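Have the structure open as you read.

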Amino acid sequence: MTATLSEEVVLRCEDIAVAYGDVQALHPTSLSFHKARIHVLVGQNGAGKTSLARVLAGIIPPQSGRFWIRGRPVRAATVPLVRELGLDIVHQRFTLPPNFTVAEALELVSARKHAGAFYSGRQLAASWRRELELADLGVSSKARIRDLPIETIQSLEIVRALAGAAQFLILDEPTALLSPSGVDRLFARLKHLRETGVTLLLILHKLREVMEIADTISVLRAGRLVLPPTASAGVSEQALSDLIIGERATVDSETDAFASGASTVERAVNLSLGDVSTPHSETEPALAAVSLSVKAGEILGIAGVEGNGQRSLVDVLTGLMPAKSGALRLMGRDATKLKHHQRRSIGLRVVPFDRVAEGASLGLPLWENVTIWKAEKYRRSRFGPLRIGAMRIAARKALDQFDVQYDSLDQLAGSLSGGNMQRLILARELADEPRVIIAAQPTRGLDFRATHYVWRVLRRLKRAGASIILVSSDLDELFSLSDRISVIRGGRLVAEFAPPYEMQGIGDSMIGVTR
Amino acid sequence: MSRWVATGIRIASPIVIAFALGFLLFAATGYDIAEVIHGLWQGAIAAPGSLEQSVRWAIPLAIISFGIVITLRTGEFNIGAQGQILLGGLGAASVALLLPNWSPLLVIPLALLAGIIFGALWSAIAGVLKVWFNADEVINTLMLNFIAILLIQWVTTGPLKDDATRGETASTPRVDNMFRLSDGTGVSLELIAIVVVAAALAWIIIERSPFGLKSKLVGSSPRVAAWQGLQIKRIHITTYLLTGAFAGLAGALEVLGPSARLVTGATPTLGFTAIVVAIVGMLRVPGALAAALFFGGLQAAILFLPIVSRLPSSGLRIIEGLVALLITAQFIWLRRQHNRRRQS
């Protein structure tokens, strides 16, 4: 096979950069991909992989830089233009409308030339039958999308792209939702495509999969290309893991992490899980017999590649999702059956994963965002009217305590910057010195200053005796804050580490490498 | 441009455009615009008794719209006010007809309470279906309207049949005059006092109760609300109960007020016009009161117009519908602009 490898460059990028507001998602990056190979792009979350893919697919404009598809410069890329040039993308989330039949959905979203203004259902089904047969999917063109398994829908997305005569196909985390056997079938299909001359660019997370399928590997870390496309034969799994996470020696945890641990004799366990499992979830592995405990004045870090059960863990800890089995104890009592608001009333607070979708209501003013959840407190009697003045004073006090920069209490939360919005969420959740805190990705997308502010707050609360569970995909953050780190993989806590932390061991355990 | 002027323009523009479009349509189909405008003016304000008629219609519109303000703020689209009004009327009529010999001091509060409870429970059916079975509330409240109409038809031709009427629209017997809150004009101090109390109550619920603020958070970002431990199901059920309660009260007032009986097919559009009233009132109680007066005037004119001009009343219904359409379009447009501004 090596003899026939094409040297034609199908895609070349020069200095492509992407910024979202103040966040530089991708620094100027240049790279090129050869024809008829499976190129794999890896990196941590937020490394800039998806940003690059979106620029190439014409979905977002780059901040700067140019690219060429099959030698032709792409100016002012749009999705139709890029498709016209033979490049297409299969997203993490699928685009086929669930209520349509296979043929209808493909006709709707594919770039293939439409047969005419009008056609009958039978013509439509017939016109897609051949494509489906070629793909060897064993699915009827009359089946409804919603009735199909995820794997098949994904394959249909590929069929859709190829029908538009795509020569270069980008797949953004195509294995994320697939079962292991589904992954095998997908890879077989992709290899077959490669034989027909199609070039593929895969964004992958799991090292095992990368080593299995890649012809070339590129690595992005923190928006920079740290490994340009390199033949996979020359890259060891270990070297790759180091490249993804960043080569650093062991990182010292802050000294106070130990100091408090040694000084107190017996500290109460404020929060514990015993053999907790959760129901099956569509989006990530369910928890399987997870046990953990956090003492007063302790931060337990949860490390893991995203989508390995972190959401289920936080949902079950907060009471947003009931556990299927197992027990949860909170502040010395059985809280397994308690709802989220009941857990809050005995001292639990949570900093949600997603600031914008879960943390703050963008269309409501600042003071309402801070005070509404405990509005009952601002009344003189059981049925008395709310004292708005008291609510505003309380909101102002909390916002000032957490250094939120704002013009007016009546300004909408949506007008705050990311860092300020996170401070608002901290102000709401942490102003009354809670005993138990679940912090989920508390610094995601924040700049250096805002990140350190959040860290200081968490450390201060810990010293004040709070039990904190910190879920993060930022290892620096985990290393500098945690008294212990548990690694979550596939819905299980697979390993626990104590300081001084060793980057490589935790990294390997996250990805599942054994050396 | 000050904020108030901008808000004024924002509210007035869909109404002005709707009238302009309506007039264009009337002119194109050969009606005399001057005659129509004159008829509108006469029907809503100038003709003897017409101002009273405007207030008569503003009263139920205002009360119903308070409940709709609550439902829309919570993000639920309860369009079942029409059925809830009928059930409220049924509750009030039943009490008034079944207790003919009791003191009005007892019967009137009981009848109002029955109307409120009937309306609330009717609305809660859709609430329960939504909260526990995730059944679409738009369809359910709409269908409950039809069931309510048929229920009233059955009651007025069966258990509460008025034997005196014949061949006409079926209805219950008349409610004894001592139980009534107004004469046939539908305007009285008692009714206005009830509107004032209802408005005050609605304002306190919406602006000064934990439920009011929490339902606003649930309506604007349900996921954010869930992450703060708000009991979304309970808030939704309360919303349905309140919406139905206000509509039920309005239905009870119709029976104890102007119509004196429960009539099959009574007030067929009130519940829908009240949705427009709530939206034009910007989902606030004072706004809804003002909008109710405006649409009360329009309603009066709709009934009056065929008398003085050749324009059938459905002509004005077109304008009412256009207002609703344009406000919806404007709302979507504003939201899109807001999103775009946020992205950039």
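At 18% relative accessibility, A:Arg484 counts as buried (buried is under 20% relative accessible area, exposed over 50%, partly exposed in between, with a 1.4 Å probe and protein chains only). Its partner in a salt bridge is A:Glu298, with the closest N and O atoms 3.0 Å apart; a salt bridge here puts a side-chain nitrogen of Lys or Arg within 4 Å of a carboxyl oxygen of Asp or Glu. The two sit 186 residues apart, A:Glu298 in strand β13 and A:Arg484 in strand β19 of chain A. A:Glu298 is buried too, at 9%.

This is a predicted model, so local features need pLDDT of at least 70 and side-chain atom pairs pLDDT 80 or more, while totals for chains, interfaces and linings use all residues. Residues are numbered from 1 along each chain as its sequence is written, chains are lettered from A and ligands numbered from 1 in the order written, and side-chain values use heavy atoms, without hydrogens and water.

Now look at A:Arg392 and A:Asp410, whose side chains meet in a salt bridge at 3.0 Å, N to O. A:Arg392 lies in helix α14 and A:Asp410 in the loop between α14 and α15 of chain A, so the pair ties together parts 18 residues apart in sequence. A:Arg392 is partly exposed at 24%, and A:Asp410 is partly exposed at 42%.

A:Glu157 and A:Arg160 also pair up, at 3.3 Å, N to O. They are three residues apart in helix α5 of chain A, so about one helical turn separates them. Both A:Glu157 and A:Arg160 are buried.

Terms used: Helices (H or I, at least four residues) and strands (E, at least two) are DSSP runs, numbered from the N terminus.
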